[in-house]
Amino acid sequence: MNKIVKRKARSLFLGTLALIMLITGCSQPGNESNGSASGSPEGSATANAEQDSKMGTGGSAIGFIFVGTKDDYGYNQAAYLGSVAVEKAYPDMKVLRAENVPETAEAERVMEQMIKDGAKIIFPTSYGHLEPALNVAKRHPDVVFFHQGGLKTANNVGTYFGTIWEPVYLAGIAAGKMSKTGKLGYIVSVPIPQVLLNVNAFTLGARSVNPEATTSVVFTGSWCDPGQQANATNSLIDSGIDVLSLHQDCMKTVIETAERRDVMTVGYHADASSLAPNGWITGSLWNWPDLFVDMVKTAQEGGFKGSKYDGKYRGTLADNVVQMGSFGAKVPADVVQFVEDKKAELLGGTLKPFIGPVKDQSGTVRIAEGETPTVEALEGSDYLVEGVIGSIPK
């Protein structure tokens, strides 16, 4: 066999082999499986999309759980007012409310009962209700949970909150203007990032108009313990502070005690100006009604997945989710105007409360010169700024 014949024979052999491999390969069950598998994810995705579109729909009730009482002049009252707006917007739906629900397994029991009673949408409104909500959410993928202030989400759990530090900063400016001693006090609950962030915002606001101002902070370890609040209030007043603010769920004890002792106050969560006709300066408030109604509408229409509430939603001062409170009768007009001007600057983007440099209590730069931290970075605050007196409990 000459070389030409050999090459032709080899080419014929290779071509035949390739054809056999092609035919054999195409007929292998595995390849057929691959072909059909390409359809499975699509089918699965379609099924998931259908499930997601039904999530939160078809219920006969909407549930709200509060860690305190609805009339605490604070956190729970603000959330309760949001539930009232939902009740008015959806008169055909039953609104289920549970007050004084602890941040324990009891919260799970309450949410399970609400689901049995027809709730497909539930608002667990306290920071510590998040873990119980995540547990219940796993068992009920058809129910939508809107958690207030949480830092974790799940497929059917979204969290919402607001940049409350913006009005807190402005309230700090008002406090710095009104204080005669430059000694401010802050009664707080537990050292979660949002609490530390507010203390920092208040202090930065005050020091922006009085660089020597200080904020003495007391941690009570509780969201609402009137006995501890009274002790903390009296202790701070005895130390010489003349303006007091707080990050507690309930405010009545602190505001009333300070009023009796002729000390000015800055409120939080809800309007408590009626408790302090003489000493009320202003406050930082939540405005939940419109937001709650929109969240319910979104879920009921099957639009939770992919909406702005499917994850971490944070409303701002510009969104009107957080607000400045009213000014007290004894706040001079020039102070009111000054704070209003600063508010306009903040809304216009020319004033940024946390623009660097920002130093912590040890003098370490936490926010670099000219840097503006993201909302997520601020919500991870684990320090207190210069000017704060007191330490973070370990």
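Buried here means a residue with under 20% relative accessible area, and by that criterion 50% of the 394 residues in this protein are buried, the coordinates being those of a predicted model.

**Figure 1. Overall make-up of the predicted model, which holds 13 helices and 15 strands.**

**Figure 2. Close-up of helix 8, formed by residues 193-209.** From the first C-alpha to the last, the 17 residues of helix 8 reach 25 Å, which is close to the 24 Å expected at 1.5 Å a residue. Of these 17 residues, 14 are buried, so helix 8 is largely enclosed by the rest of the structure.

**Figure 3. Close-up of the crossing between helix 7 (residues 165-178) and helix 12 (residues 333-348).** The two axes come within 10 Å and cross at roughly 150 degrees; because angles over 145 degrees count as roughly antiparallel, helix 7 is described as roughly antiparallel to helix 12. The crossing of helix 7 and helix 12 is right-handed.

**Figure 4. Close-up of the residues through which helix 7 and helix 12 make their contact.** Helix 7 contributes Glu166, Leu170, Ile173, Ala174, Lys177 and Met178, while helix 12 contributes Val335, Phe338, Val339, Lys342, Lys343 and Leu346. Sorted by class, the contact of helix 7 with helix 12 has eight nonpolar and four charged residues, with no polar residues.

Terms used:
Residues are numbered from 1 along each chain as its sequence is written. This is a predicted model: local features need pLDDT of at least 70, side-chain atom pairs count only at pLDDT 80 or more; totals for chains, interfaces and linings use all residues. Side-chain values use heavy atoms; hydrogens and water are left out. Helices (H or I, at least four residues) and strands (E, at least two) are DSSP runs, numbered from the N terminus. The expected span of a helix is 1.5 Å times one less than its number of residues. Buried means under 20% relative accessible area, exposed over 50%, partly exposed in between (1.4 Å probe, protein chains only). Axes are lines fitted to C-alpha atoms, for helices over the stretch in contact, and angles run from 0 to 180 degrees between N-to-C directions. Angles under 35 degrees count as roughly parallel, over 145 as roughly antiparallel, 65 to 115 as roughly perpendicular and the rest as oblique. A crossing is left-handed if the near helix is turned anticlockwise from the far one by less than a right angle, and right-handed if clockwise. Contact means heavy atoms within 4.5 Å. Ala, Val, Leu, Ile, Met, Phe, Trp, Tyr, Cys and Pro count as nonpolar, Asp, Glu, Lys and Arg as charged, and the others, Gly among them, as polar.
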